[in-house]
Amino acid sequence: MPLLLPVIALHAAAPAEAPLQHDSRGRPVMTVAINGQGPFPMVVDTAAQTSLLTRALADTLKLKPLPHAMQVTGATATAAARLYPVERMTNPLLDARRIALVELTNSGVTEARGIIGMEFFGNRRLLVDRSTRTIAALPSGPAGPGFATIAGQATPEGFVAVPLTLDGVRIPAVIDSGAAVTVANATALRLLGWSENDPRLTDGGEIRGASAGGQKIRSARIGTLSIGRIALSNVPVMIADDGNALPSIILGSDLLNLFPGYAVDFPRRELHIKLPPKPAAPAR
């Protein structure tokens with residue numbers, strides 16, 4: 001990535017937390033101050049390598065683009081994007097100085113003003129806690145009481161992928177809080193024994209990623225989808241043909257939000273799912 005400025009990202013040594021919000025499609029959002037202005041809402045994307053801001057926000061901040069652009073690959077396409085120099089971006093979870101933020105070319109993907117990527121949290125455990133309405137940056141470590149641990153692996157990009165089991169078939173899934181829906185590729189669909197023209201498939205509309213392109217998708221209902229020992233029934237999963245010969249899934253916020261909270265521990269390559277509290281025993 002051609003960042004032309006020295007980058008200093010300061011991470012809190014102790015646990016830190018910020019208020020949790022959501023955009024209209026259920027993605028986690030936290031606010032940041034940029035160059036002393038704001039705060040501005042930003043989607044927290046566990047499958048974004050770098051942070052982005054919209055052109056409108058860059059204009060509001062009176063930022064001038066750097067002379068070089070870079071290629072941004074989203075869920076559906078690749079596009080050239082401008083780089084904007086930022087003196088400082090802060091909130092309780094991060095303090096980043098002299099960085100370059102990438103333009104979010106598809107500003108219509110969210111009403112938030114940009115995306116916070118994982119360049120700030122790759123050595124931490126990022127907790128999205130819907131039950132307490134907070135986002136926390138914690139030291140890497142074993143999941144605490146009340147959490148289920150799903151062991152995964154690192155992707156080449158540095159994200160975390162965990163195994164999902166769809167109707168008995170095990171397929172790796174990248175944890176992607178920036179995706180509003182869970183999406184399997186066409187190879188995964190065929191592995192499940194579904195044909196391209198299966199009557200159970202319905203029109204799912206279109207998905208749009210950080211780049212400006214869009215892609216038509218179809219919708220399927222999976223009888224049983226398991227994340228570790230947690231089993232879900234009659235689960236909607238979108239299907240998109242990415243041309244990849246290997247089966248893959250994007251585990252989006254629609255399924256992650258079914259739980260009171262979740263954490264992605266990047267160094268340990270784990271997903272920690274916060275479980276609902278056990279019902280109280282009936283009084284005797």
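Biologist: How many residues of strand β22 are buried?

Modeller: In strand β22 (residues 261-265), 5 of its 5 residues are buried, where buried means under 20% relative accessible area, exposed over 50% and partly exposed in between, with a 1.4 Å probe and protein chains only. Strands here are DSSP runs (E, at least two residues), numbered from the N terminus. This is a predicted model, in which local features need pLDDT of at least 70, side-chain atom pairs count only at pLDDT 80 or more, and totals for chains, interfaces and linings use all residues. Residues are numbered from 1 along each chain as its sequence is written, and side-chain values use heavy atoms, with hydrogens and water left out.

Biologist: OK, and which residues are on each side of β22?

Modeller: G261, A263 and D265 lie on one side and Y262 and V264 on the other, and both faces are covered.

Biologist: Which sheet order has β22 in it?

Modeller: The order is β2-β12-β11-β22-β23-β13, an open sheet of 6 strands with antiparallel pairing, and two strands pair if DSSP finds at least two bridges between them. The edges are β2 (16-19) and β13 (147-151), each of which has a single partner strand, so one side of each is left without a neighbour in the sheet. On average, neighbouring strands of this sheet are turned by 15° against each other, direction ignored, with axes taken as lines fitted to C-alpha atoms.

Biologist: How many bridges join β22 to β23?

Modeller: There are 5 bridges between β22 and strand β23 (residues 270-274), which run antiparallel, and A263 stands opposite H272 in β23. The two strands form a hairpin with 4 residues between them, and R269 in the turn has a positive phi of about 55°. Strand β11 (residues 124-129) is also joined to β22 by 5 bridges, again antiparallel, with D129 opposite G261.

Biologist: And what is the bridge partner of E17 in β12?

Modeller: E17 has A136 as its bridge partner in β12, and 4 bridges join β2 to strand β12 (residues 134-139).

Biologist: Switching to side chains, how many aromatic pairs are there?

Modeller: The count is 1 aromatic pair, using the rule that rings of Phe, Tyr and Trp (its six-membered ring) pair if their centres lie within 6.5 Å, with planes under 30 degrees apart stacked, over 60 edge-to-face and the rest tilted. The rings of F120 and F121 have centres 6.3 Å apart and planes at 75°, so the pair is edge-to-face. F120 is buried, with a relative accessible area of 3%, and F121 is buried at 1%.

Key: Axes fitted to C-alpha atoms, helices over the stretch in contact; angles between N-to-C directions.
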